[in-house]
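Dear colleague,

Please find below the structure that I am handing over to you.

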Amino acid sequence: MESCIIESGEGIILQGRIFKPSAGKDVNIGTAVVLVHPYSKLGGCQGLMQGIALRLSLKGFISITFDMRGVGRSTGRSTLTGYQEIEDVVSVCKWVSQNLSVKNILLVGSSAGATTAGSAVDKVEEVKGFASIGYPFGLAASIIFGRHHKAILKSPKPKLFILGTEDEFTSIQQLERKLMSAAGRVQAHFVVGVGHFQMEGPAYDARMADLISSFIPSLLHSPSI
């Protein structure tokens with residue numbers, strides 16, 4: 001694991017970590033995974049994504065976590081809707097493409113971080129697809145994060161939505177209704193009997209890494225990008 005410092009808009013400095021495959025490991029050259037942590041206002045931070053990042057690196061993928069503005073040692077202030085944080089995600093993706101010699105990025109967001117990540121997908125050419133863990137499409141969550149929904153639903157890039165069947169913010173029916181209007185290739189995977197915050201915990205890091213790594217090979221063969 002290596003530390004990195006990335007500049008976002010308005011002079012904001014973000015603290016990140018890079019997880020690289022070990023020497024001798026089959027490396028998926030040219031592909032990286034950028035992971036966006038859950039809601040900053042509820043204690044979301046990059047530490048919650050590092051278990052997944054580590055497991056992805058063991059599978060041969062360069063993975064990057066970072067603290068969005070106002071979290072940990074990153075400067076600036078977090079926002080209620082996560083809208084200004086879109087610039088943080090874009091800045092990290094551009095930094096990754098320029099400094100880690102990768103042409104393809106999968107953008108992964110967890111919970112509210114998925115809404116911010118989804119709004120950034122079409123702003124960076126190197127981002128080839130999107131995966132979410134517990135995207136909050138439900139009515140109550142939409143009061144805060146609904147502004148983000150249109151961007152990811154209209155994106156032509158491949159999308160994977162992972163949802164626990166007991167998710168407290170989005171029901172299976174709500175997700176399925178939303179995805180009916182989604183552009184491009186869309187996959188949904190349901191984790192039976194698991195709630196929203198359970199799936200954010202370390203007990204499910206290996207499962208999330210397996211699902212994400214299985215999704216990555218399909219990105220480069222999509223006719224939509």
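The largest pocket holds about 220 Å³ of space. Please bear in mind that this is a predicted model. Sixteen residues, written as 16 in the record of the lining, surround this pocket, and those nearest its centre are Tyr 39, Leu 42, Ser 111, Phe 169 and Phe 197. Helix H4 (139-145) and helix H7 (196-200) are the elements that give two or more residues to the lining.

In general, strands of a sheet pair through backbone hydrogen bonds, either parallel or antiparallel. Here, 8 strands form an open sheet with mixed pairing, in the order S1-S2-S4-S3-S5-S6-S7-S8. Strand S1 (2-7) and strand S8 (186-191) are the edge strands, each pairing on one side only. From one strand to the next, the twist averages 20°.

Strand S6 (residues 127-133) is joined to strand S7 (residues 159-164) in the parallel sense over 4 bridges. Within this pairing, Ser 132 has Phe 161 of S7 as its bridge partner.

Finally, which strands does helix H3 (residues 112-120) touch as it packs on the sheet? Helix H3 touches S3, S5 and S6, and its direction makes about 150° with that of S5. Helix H2 (residues 86-99) lies across S1, strand S2 (13-19), strand S3 (31-36), strand S4 (62-66), strand S5 (104-110) and S6, and runs at about 120° to S1.

Yours sincerely

Definitions and conventions. Residues numbered from 1 in each chain as written. Predicted model: local features only at pLDDT ≥ 70, side-chain atom pairs only at ≥ 80, totals over all residues. Heavy atoms only, no water. 1 Å grid on protein atoms, 1.4 Å probe; cavity = no way out; pocket = protein on both sides within 12 Å on 5 of 7 lines; lining within 4 Å. Points joined across faces, edges and corners; volume = space filled by probe spheres on them. Pairing = 2+ DSSP bridges. Axes fitted to C-alpha atoms, helices over the stretch in contact; angles between N-to-C directions. Contact = heavy atoms within 4.5 Å.
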